[in-house]
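Student: Can we walk through this one together? I'd like the sheets, then a few single residues.

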Amino acid sequence: MVRIRFVVMQLVCAVLLSACALPRGAALQSEILTEQQSETPGFQVVAVTRESTPLLAQWPVTGWSGHYHWLPKDKGPDSGVILTGDTLDMAVWESQENSLLAGVGSKMTELPRMTVSENGTVFVPYVGDVEVRGMTTGAARNVLQSRLEEIAPSVQVQLSVEPGRNNAVDLVGGVASPGRYPLDSRATTILSVIAQGGGIDPGLRNPLVRLQRDGRGYDILAADLLRTPARNVRLRGGDQITIIEDDRSFNVLGAAGTQQLVYFERDRMSAMEALSVMGGLQASRANPKGILVLRDYQAKDLKPGMAGPDMRQVVFTLDLTSADGLFAARQFQIHPGDTLLATESPVSAVRSILGLLGTLVGVTGTVETL
């Protein structure tokens, strides 16, 4: 019996001396932040507070451009302009006898249909080439009438425009029926064309609408496009539209509700929102004073002082046990590629030791009973 008690006491001492060696699902905060006391630290440690968050917001954005760029609010008139490939039907009214334009015994002449050339002009008899591309129908009529008045002062022009074959858009992917879709009118909107294509693929996670126009790209989350009518811009011939998944993400590790790759659900996501999305913290394991955000910067981003990071690798620390820390977590933005680490609470290690001690005591009692 004495021998068994002695063995148990040896085991207890061994457990107490090797408490830090007990298996844990996440690191202790002290184990990670000890690096800042090193003479040659491998990374920079920055505390996130309400006072520091405005300064940290000015630091370079990592993982993406920082925001999605979309077309400005559609004003309307630009969508009704004449484009290359459009067809113009023009009727000329002339009250004078022996007019160059009107036929004998007629006051009105319909000119042959005119197609807007690649350089934006149409050819008018007795006048020559007239530039009309980029004009509204009314503006083009005034220009044509002004040019014709040089040879027929009393002339009046009637003009109509029919969109040409170039007045179509390509719906590349992310819908049920991709393909080339003609624009029924100058007022056709992007959501209208997406609807013609069968709507956004419901299997896409957090879909992103991408528009290519005149060599430039524009992006907007589908949820924002549907939510804001002013962003439902009118399309132009030659536009290309594709719908893809928003692939921006961050990693979640440690004593959190989940340990996985988490995708962004909106343009921006604060640390508090990220904690909510990842399922919160494990109450029995996590250290609310030790929420860490690990981030990599590029060499060109380094700046002295609080104007930017001092080192390429930075660990931001958040303390959720104070009002200051909670407000700071609502303001501090998570970047794509970040790692959000919930460190292990020291209390969980003590609980593991006590649990093991209880098991050992139970074994001793069983031996004594025997």
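Tutor: Start with β10 and β12, which pair in the antiparallel sense over six bridges. Two strands pair if DSSP finds at least two bridges between them. Strands (E, at least two residues) and helices (H or I, at least four) are DSSP runs, numbered from the N terminus.

Student: Who stands opposite Leu 211 there?

Tutor: Ile 241, in β12.

Student: Before we go on, what kind of model is this, and how are residues numbered?

Tutor: It is a predicted model, with residues numbered from 1 along each chain as its sequence is written. Local features need pLDDT of at least 70, side-chain atom pairs count only at pLDDT 80 or more, totals for chains, interfaces and linings use all residues, and side-chain values use heavy atoms, with hydrogens and water left out.

Student: Back to the strands. What is the order in the five-strand sheet?

Tutor: β9-β8-β12-β10-β11, an open sheet with mixed pairing. The edges are β9 (179-182) and β11 (216-221); each has a single partner strand, so one side of each lacks a neighbour in the sheet. From one strand to the next, the twist averages 25°. Axes for such angles are lines fitted to C-alpha atoms, for helices over the stretch in contact, and angles run from 0 to 180 degrees between N-to-C directions.

Student: And the six-strand sheet, what order does that have?

Tutor: β1-β17-β16-β19-β13-β14, also open and mixed in pairing. β1 (44-47) and β14 (261-263) are its edge strands, each pairing on one side only. Within that sheet, β16 (286-296) and β19 (339-344) are antiparallel over five bridges. Ala 286 has Glu 344 of β19 as its bridge partner.

Student: New topic. Where does Arg 248 sit?

Tutor: In the loop between β12 (240-245) and β13 (249-254).

Student: Buried or exposed?

Tutor: Arg 248 is buried, at a relative accessible area of 5%. The cut-offs are under 20% for buried, over 50% for exposed and partly exposed in between, with a 1.4 Å probe and protein chains only.

Student: What does its side chain reach?

Tutor: The side chain of Arg 248 makes a polar contact with the side chain of Tyr 68 at 2.9 Å. It also reaches the backbone oxygen of Asp 267 at 2.8 Å. A polar contact is a pair of N or O atoms within 3.5 Å; within protein, one must be able to donate a hydrogen and the other to accept it, and residues adjacent in sequence count only if both atoms are side-chain atoms.

Student: Which other residues does Arg 248 touch?

Tutor: Beyond its neighbours within four places in sequence, its contacts include Trp 64, Val 262, Phe 264 and Pro 336. Contact means heavy atoms within 4.5 Å.

Student: Now helix α8. Which residues are buried?

Tutor: Gly 325, Ala 328 and Ala 329, in a helix that spans residues 323-331. Down the axis of α8, its buried residues fall within an arc of 100°, so they line one face. That arc is of the directions from the helix axis to the C-beta atoms.

Student: What covers them?

Tutor: Among the elements covering the buried residues of α8 are α3 (53-56), β15 (269-270), α7 (271-277) and β17 (313-318).

Student: Last one. Which residue has a positive phi in the hairpin of β5 and β6?

Tutor: Tyr 126, near 70°; the hairpin has three residues between the strands. β5 (121-124) and β6 (128-131) run antiparallel, joined by four bridges. Thr 121 stands opposite Glu 131 in β6.
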